[in-house]
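This briefing goes through one protein model together with its ligand, topic by topic. Please keep the sequence and the structure at hand while reading.

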Amino acid sequence: MEYPAERQLFAIIMGDCGTGKTTTSRRFTSALSPEKYKILYLSDSKLMPRHFYKGMLEQFGCESKFYRSDAKRQLHREIEFMHGVHRLRPVVVEDEAHLLDREMLEEVRFLLNFKMDALARWPYSGIEKMHFARRPNPVRIGDILICYGVGTTKLLGYFEVVSDPYIWDSTSRWSWELEAKNLCPEYSESWVTFDITTSSIVASYDHVHPVTNVGGKTLGALQYGWDRIQLSDEFARHVIELIEGSVTSKKVNK
Ligand SMILES: Nc1ncnc2c1ncn2[C@@H]1O[C@H](COP(=O)(O)OP(=O)(O)OP(=O)(O)O)[C@@H](O)[C@H]1O
Ligand SMILES: [Mg+2]
């Protein structure tokens, strides 16, 4: 079972009733490293599309949007982030898979498609593609982007912009793209194991200087629809120290 997980393949376990299929798959998933894989479970109750997206998004720590098409995009975006930025490979476990209908099978196929691009970039160059809903106007080459996961609010790492923004797919909701170099790949590889969130970085800040470059003391605007906030130099330095520091202390603990 490790073979298909490692290579992101589709595998089916078949056996008569009570021969140990469920037990085997549970034993297997509990042995997978959470730093390498994101395990998503599907169960009978998640076999309708709406419940499927809701159930999957809950496993990403996200609240699902009401409309199915929104929830679907939301899920795809989470998966893109997970794969593009954190290099986690999805492993979908479906017990009772014979009950899945065609549409749901297509979704599982989508989850597996990411091996085509993200994983093919190995060996890792450190250059990531970042996506924006609108043209990220003030962003210039050489700027530093500190990114977080919308669902978990955990920081994903910090990046130096190395290209101007361009439209990569005008039909996508996230139509703008730019390239950025990951300045701390060791953090991004294990971001999920660190507890650095958009609220903890503000809570641990001394507040001698403002948080944002327009004098704001919080990152509250992120909850009100802003997709990015320009930080003060002092606060940005504080956040980068937290990111770098967490990787260093992890090494010391080992
Ligand atoms: N390797 C094993 N050795 C001994 N008992 C086992 C082993 N694997 C599973 N069992 C036991 O066999 C029973 C059936 O296992 P399990 O539920 O995993 O089978 P299943 O193939 O998923 O069944 P179903 O087709 O009903 O879903 C359980 O009581 C389980 O504890
Ligand atoms: Mg079973």
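Predicted model: local features only at pLDDT ≥ 70, side-chain atom pairs only at ≥ 80, totals over all residues.

**Backbone, cores and ligand shell**

Thr-153 sits in the loop that runs between strand E4 (144–148) and E5.

**Positive phi values**

- In Thr-153, a residue other than glycine, phi is positive, with a value near 65 degrees.
- His-207 is exposed, since 11 other C-beta atoms are found within 10 Å.
- Gly-61, which comes just after H3, also takes a positive phi, of about 75 degrees.

**Domains and their contact**

- The protein chain is divided into domain 1, covering 2–121, and domain 2, covering 127–253, and the centres of the two, taken over C-alpha atoms, are separated by 27 Å.
- Across the boundary, 13 residues of domain 1 are in contact with 16 residues of domain 2.
- On the side of domain 1 that touches domain 2, the residues divide into five nonpolar, three polar and five charged.

**Nonpolar cores**

- The largest nonpolar core has 17 residues, and those with the most contacts inside it are Leu-155, Val-239 and Ile-243.
- At least two residues of this core are supplied by each of strand E5 (155–161), strand E7 (176–182) and helix H8 (233–253), and E5 gives the largest share, with four residues.
- Leaving aside residues up to four places away in sequence, Ile-243 touches Leu-155, Gly-157, Tyr-158, Cys-184, Tyr-187 and Ile-196.
- Another core, of twelve residues, lies apart from the largest one, and its members include Met-56, Leu-75, Phe-81 and Met-82.
- As a general background, nonpolar side chains tend to be buried together in soluble globular proteins.

**Helix H3**

- Phe-52, Tyr-53 and Met-56 are the residues listed as buried in helix H3, which spans residues 49–59.
- These three residues lie on the same side of H3, because the arc that they cover around the axis is only 90 degrees.
- In general, residues three or four places apart point the same way, because an α-helix has 3.6 residues a turn.

- Ile-141 is found in the loop between strand E3 (127–132) and E4, and it is exposed because 12 other C-beta atoms lie within 10 Å.
- Although 22 residues separate Ile-141 and Ser-163 in sequence, their C-alpha atoms are 5.8 Å apart in space.
- When residues up to four places away in sequence are not counted, Ile-141 touches Val-161, Val-162, Ser-163 and Asp-164.
- Thr-248 belongs to helix H8 and is exposed, with 11 other C-beta atoms within 10 Å.
- Thr-248 and Glu-186 are 62 residues apart in sequence, and their C-alpha atoms are 9.7 Å apart in space.

**Ligand shell**

- Which residues surround ligand 1? The surrounding residues are Gly-15, Cys-17, Gly-18, Thr-19, Gly-20, Lys-21, Thr-22 and Thr-23.
- By class, the shell around ligand 1 divides into one nonpolar, six polar and one charged residue.

Definitions and conventions
Residues numbered from 1 in each chain as written. Chains lettered and ligands numbered in written order. Core = buried A, V, L, I, M, F, W, Y, C linked by C-beta atoms within 7 Å. Buried ≥ 20, exposed ≤ 12 C-beta atoms within 10 Å, placed from the backbone. Contact = placed C-beta atoms within 7 Å. Near = placed C-beta within 6 Å. Nonpolar A, V, L, I, M, F, W, Y, C, P; charged D, E, K, R; others polar. Domains from an automatic or database assignment. Arc of directions from axis to C-beta.
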